[in-house]
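Here is a short tour to read with the structure open beside you.

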Amino acid sequence: MAVDELDTRILRLLLERPRTSAREYARLLGVARGTLQARLDRLERDGVITGSGPALSPAALGHPVLAFVHIEVTQGHLDDVGDALAAVPEIVEAFSITGGGDLLTRVVARDNAHLEDVIQKLISLPGVVRTRTEVALRERVPHRLLPLVESIGRAATP
């Protein structure tokens, strides 16, 4: 699905101000409320907005490839590399980890060639020693919190 500038502005507002009313979104964007609602409906129908959080789908935004990239960092450069990762838009999450590597990133890409380009960009960052990439084939359990909340609720109930 193609996302234009107005769609991008709408999505940004939803992420930055998720509890704002549709009327206020329309006012902030300078569009009619009907226009805003039609865009929101289309974004939901096309699977870009997948919840009321909102949760956005990288695949629906043209980035269907998901990979987990482990990054080994030169000692003393973890913060520098972490800051540099924040400038790479295809990195949707990054964590300091124990075990094999120092950082674990979740990377999205348009295709495998684009993924390779992103990995090459990561390898060239000052302080990065090496990377190891694992490509996700299929999501088996989508991101969720409700089962955890229910479990905690059951445990708290005498």
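## Strand pairs in the sheet

Ala67 sits opposite Val107 of strand E3. That pair belongs to this predicted model, in which strand E1 (residues 65-73) and strand E3 (residues 103-109) run antiparallel and are joined by 7 bridges.

As for burial, E3 is mostly covered, with 5 of its 7 residues buried.

## The sheet as a whole

Stepping back, 4 strands make an open sheet in the order E2-E3-E1-E4, with antiparallel pairing. Strand E2 (91-96) and strand E4 (128-135) are at the edges with a single partner strand each, so one side of each has no neighbour in the sheet. On average, neighbouring strands of this sheet are turned by 20° against each other, direction ignored. As a reminder, strands of a sheet pair through backbone hydrogen bonds, either parallel or antiparallel.

## Helices across the sheet

Which helices lie across E1, E2, E3 and E4? One of them is helix H4 (residues 78-85), which runs at about 15° to E3. Helix H5 (residues 112-123) lies across these strands too, running at about 155° to E4.

The buried residues in H5 are His114, Leu115, Val118, Ile119 and Leu122. These residues cover an arc of only 140° around the axis, which puts them on the same side of H5. An α-helix has 3.6 residues a turn, so residues three or four places apart point the same way. The buried residues of H5 pack against E1, H4, E2, E3 and E4.

Now turn to helix H2 (residues 22-29), where Ala22, Tyr25, Ala26 and Leu29 are buried. Viewed down the axis of H2, the buried residues fall within an arc of 100°, so they line one face of the helix. The cover over these buried residues includes helix H1 (5-16) and H3.

Gly30 follows H2 and has a positive phi, near 75°.

## A buried serine in a loop

One last stop is Ser57, found in the loop between helix H3 (33-45) and E1. Its relative accessible area is 18%, and because the cut-off for buried is under 20%, Ser57 counts as buried.

What does the side chain of Ser57 reach? The side chain reaches the backbone nitrogen of Ala60, at 3.1 Å. Leaving aside residues up to four places away in sequence, Ser57 touches Gly47, Val48 and Thr50.

Technical notes
Residues are numbered from 1 along each chain as its sequence is written. This is a predicted model: local features need pLDDT of at least 70, side-chain atom pairs count only at pLDDT 80 or more; totals for chains, interfaces and linings use all residues. Side-chain values use heavy atoms; hydrogens and water are left out. Two strands pair if DSSP finds at least two bridges between them. Helices (H or I, at least four residues) and strands (E, at least two) are DSSP runs, numbered from the N terminus. Axes are lines fitted to C-alpha atoms, for helices over the stretch in contact, and angles run from 0 to 180 degrees between N-to-C directions. Contact means heavy atoms within 4.5 Å. Buried means under 20% relative accessible area, exposed over 50%, partly exposed in between (1.4 Å probe, protein chains only). The arc is that of the directions from the helix axis to the C-beta atoms. A polar contact is a pair of N or O atoms within 3.5 Å; within protein, one must be able to donate a hydrogen and the other to accept it, and residues adjacent in sequence count only if both atoms are side-chain atoms.
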